[in-house]
Amino acid sequence: MVPSLFMMQRCLFPGAIGCKPSFILVKRYNCSSQKNARLQDDRWIPTVGLEIHAQINSQSKLFSSAKNQFMAPPNSLVSNFDASIPGTLPVINKECVRKAVRTGLALNCKIQKTSFFDRKHYFYSDMPQGYQITQYKHPIAKNGYLHYPTADGSVVKRVKIEQIQLEQDSGKSMHEEGQVTLIDLNRAGVGLMEIVTAPEVSSAGDACAFLKELYGILMRIGTCDGKLAEGQFRVDANISIAQQKTKLGTRVEVKNISGFKHIHNVIEYEIKRQIRIVEEGGIVESETRAFDYETGFTVSMRDKEIKQDYRFMPEPNLPPLHVYDDSSVTSLSNPSSVINVDQERRNLPKLPADIRGHLIESFHLSFVEAEFLTNRNMENYFIEVMECAHNLNPTVVWNWIKMHVIAHMVEYNLSSIEECYVSARDLAALLLLLHNNEINAETAHLTFTTAIQTRQHPDKIVEENNWKMISDKETVTKLCEDAIATLQCTDAKALSGYDADKPKSKASKQAIKRVIMLVRKNTNDKIHTGVAKDVTMKLLNYKRTS
Amino acid sequence: MSSTDVLMKPLVSVLQMLRNRVISTEELLHRTYTRINETKSLNAFVSVVEKNDNLEFCIKDDRSSILKGIPFAVKDNFSTRNISTTCASNMLRNYVPTYSATVVKKLTDAGGTLMGKTNLDEFAMGVGTVDSIIGPTRNPWQYDFQHPNPDDWYIAGGSSGGSAVAVATGASYFALGSDTGGSIRLPASFCGVVGLKPTYGSLSRHGLISLVNSMDVPGILARCVDDVVFIYNILSGNDPRDSTTVQGKVEKVVMEENPSVKDLVVGIPKQYYGPDVSPEIIDCWKWAADTFSNNGAKVVEVSLPHTQYSIVCYHVLCCGEVASNMARYDGLQYGHRSDGGFTEEMYAKSRNEGFNESVRGRITAGNYFLLRRNYRKYYEKAQKVRRLIQTDIKKVFDKGSGKNSGVDVLLAPVTVSTAPQYKTFAQKTNSYRTVEHDIYTQSANMAGVPAISVPVRLSQAKLPISLQLLASNFNEGTLLRAAKFLENASSFQHPKFDF
């Protein structure tokens, strides 16, 4: 019923998202070339507040039954309500409420037993109602906080979460060449959680560290898919500078930034821009700016004269949103039909900080190593490998998971470890073979790839291919003695260069190499060269001293 | 018009006739189409469903259905699948919905035949059914069908005037209207039919094009209380598509032939006595109070102290919601769209051409009330006053909390006068008319309580005088019982119009 694309004239809003604001003069504040830039910057205290729009990964939209899905044909996921067809009414999607509650709990918020929806009015072509349904005055979650580690994990900081509100996403406008704008309403009405922090972050680095921690939590509790390129995790940053900590400067809002690197750049750029303005005697204006991904600048978005007054009013078509707890749910006739906050709390998985803590404490991994596993949901795999083979070195196991298992998953675009056919038990077996010198690193890698292809157990692969190496000390000693004896008879010079005092000299190495080569030849390459090398050295030392 | 006009019979007896094959559905439809044609000059319908479409439908229709093909009409602000829904506005002149409102669907599913879409004030903003793109609807009372005078006729009342006229003339057995501040009760009273504004939330608003979401209620216009009860029982109940509808089951209303009012306490709101009310209406009101009293009801005077603020409060809340609800009409997805210009220019032009002055005025006022700097002063204050009005009414109905309480129904006028003449009415502005005519009806919308307009007698000018009854939330049973009693006691008769 909805035409495939709504067409309209090119929009006039200067700097609207997607429009290249070519008519706005951009002055670049290139601070890196300024001498003493660092010194000057240090006199200023930047303050950053963040608003994160995280798309809820629910099956259907926040207030309609249309599917929530990326990359569907334009306007194929649009219900009458999403297109603001007259007479249609919003019906709250319980799944979205549940996910907002989970998010609130994970961010230590107070979940509001009763929350309300409001209308926020502004005309924009991809927002067909002429208003957005949001939670302005009484959001579902309030007064939380999040502890986040700085980039290297050395310090843990805290940011206050002001509130989490449920709201509708807008559609998308595509400004085509020529005078036409195309509108796709597939995204219109998808549920968003707007997570608002207090202005407590003081650098781009901290902002990114906080956002990464938040992102990890949302992934972990499964409330947002977090695909950055699809705009599922978008950030507005409110940035100001001041000379004293107690007083905040005029804030500038930069809207709609996706990607941690971009966020970092935007905040850095904006701080420097504001410092430059003030130091040149200017005044920072309160305004909304957009980030230009191509140039890396921020540019003014809205004409100051048409400053938005959103004319908030309560949404009359939605009754108050109630959630319950263990004690209040008992009074209901059908408790399973409502959201029980206590139940959601019990269902929350372990959060990234706890997981990292466990990995660091129990396995002595570094912060970076622990973070790496946690961010990729690989901690259980790692722990299982360690449980199967206690005497393995955790760092060796971590390294193997990173260099082989995850590399493989990335190469084949696998989303979970279940799709990689090497179980933790199998990997443990493989690493034990390596640990016990039954195979060398090269064979281990070959065994791993074979295991993926054939789904066979590493022990079986090594055995069937006869890849097991001769590494037991007695046999190796015997083989090396034989080789040395042979060489002494056939080519006495071969070993004459060995110097027990300088085992690492070129001549010594050459001598060892000759012995090993012969052993390899005699054993059809089945010798564990590492073991053989040690043994040969000892034998040659002994021979010299005796 | 024949002396035994089947089109003017009560629903229940026509259903009996259809069941006994005294008359066929086809015959009934033919006659209804003829009636619609005869009364065309009243301008009750914005659009009429093609006769062949309906005949085809009624032949296919299962005779065992509840409504057996009974003709009905729907105000043109209810969405009807594949049938244009204009809201009597240029904005939606060519708009055809792809879905039907829940209440419309319930009626067609029950076997009713939709005859057409009835006239209203644009987007239901008005009290006269005069501000419409198809022109005003005329009241059949004292209307000279043979020699119609273009200026000398009575207005139908609004905004559901088309529905009231369709029912009054027999062009439909019943009709759907919407009531936001009195839009069903007022035209019902002017046209001498029964008009029920049910409890907010008892009938689904899904598909009703919004005026004021927090006060809009779909309602029923019919010629007698029994017919209203019959249709109410089909329509009431929860709708998952409207989150503000009642949770759980709504009890069906069961009506006796001659209901007693012995157990009822009838409240007379003293603030409703006003110098502006016509003496004929005051007289009728007194008679009704006496009649209740004489038949065993306890009649008491009650106070609704905040009634006087109702009009101003309504105006602010209404405009605020109107400004918001109308924001969607930007000409992009549907509705009127002007050519050329950049986006904002196109919006402005489309909206300017699409809405009439009254709608534009309310949008402007509403946006003003909602501005950040004005919100507390107007909108928030109006919400607080609304709560006071609600509390007044709640208190009156509350059993066992003191003197000014324990009332079962309130008895009040519907409006200050009988239907005014068009030439007098047209001289006043839309907003002035609203203030004048919605004064006794708005409180019910503010509080959400059910209310009904019942025709009682004729004025000296031979125009219907009706009275209003109000009850507490979801107490339609008591309300309709009192209405039926009043109907039985009154001398009102549906006229034989001289088509």
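How many salt bridges does the rule find across the interface of chain A and chain B? One. A salt bridge here is a side-chain nitrogen of Lys or Arg within 4 Å of a carboxyl oxygen of Asp or Glu.

Before the details, the conventions. This is a predicted model, in which local features need pLDDT of at least 70 and side-chain atom pairs count only at pLDDT 80 or more, while totals for chains, interfaces and linings use all residues. Residues are numbered from 1 along each chain as its sequence is written, chains are lettered from A and ligands numbered from 1 in the order in which they are written, and side-chain values use heavy atoms, with hydrogens and water left out.

Back to the chain interface. The salt bridge pairs A:Lys137 with B:Glu380, and the closest N and O atoms are 4.0 Å apart. B:Glu380 sits in helix H12 (residues 376-397) of chain B and A:Lys137 in the loop between strand E6 (131-134) and E7 of chain A, so this pair joins two chains. Helices (H or I, at least four residues) and strands (E, at least two) are DSSP runs, numbered from the N terminus. B:Glu380 counts as buried at 18% relative accessibility, and A:Lys137 is partly exposed at 41%. The cut-offs are under 20% relative accessible area for buried and over 50% for exposed, with partly exposed in between (1.4 Å probe, protein chains only).

As for extent, 42 residues of chain A are in contact with 43 residues of chain B, contact meaning heavy atoms within 4.5 Å. The two chains bury about 3,500 Å² between them, 55% of it on carbon and sulfur atoms. Buried area is the accessible area (1.4 Å probe) that two parts lose on being put together, summed over both.

The rule also finds 16 residue pairs in polar contact across this interface, both residues at pLDDT 80 or more. A polar contact is a pair of N or O atoms within 3.5 Å; within protein, one must be able to donate a hydrogen and the other to accept it, and residues adjacent in sequence count only if both atoms are side-chain atoms. On the chain A side, strand E1 (6-9), strand E5 (118-121) and strand E16 (313-314) are the elements that give two or more residues. E1(A) gives the largest share, four residues.

Next, the domains of chain A. They are domain 1 (4-314), domain 2 (352-464) and domain 3 (473-545), with bounds from an automatic or database domain assignment. Nine residues from domain 1 and eight residues from domain 2 make up the contact between those two. Domain 1 and domain 2 bury about 630 Å² between them, 50% of it on carbon and sulfur atoms. A:Pro149, A:Glu213 and A:Arg220 supply 64% of the area that domain 1 buries against domain 2, more than any other three residues. Two salt bridges are counted between these domains. Helix H3 (residues 204-221) of chain A gives the most to the domain 1 side, with four residues.

Over all chains, the count comes to 40 salt bridges. One of them joins the side chains of A:Arg98 and A:Glu344 (2.6 Å, N to O). A:Arg98 is in helix H2 (residues 94-106) and A:Glu344 in helix H6 (residues 341-347) of chain A, 246 residues apart. A:Arg98 counts as partly exposed at 23% relative accessibility, and A:Glu344 as buried at 3%.

B:Arg35 is buried at 6%.

Last, some backbone points. Most residues other than glycine have a negative phi, and most peptide bonds are trans. A:Asn143, in strand E7 (residues 141-149) of chain A, has a positive phi of about 50°. A:Arg455 has a positive phi of about 55° and counts as exposed at 56% relative accessibility. In chain B, a cis peptide bond joins B:Gly158 and B:Ser159, with omega about 10°.
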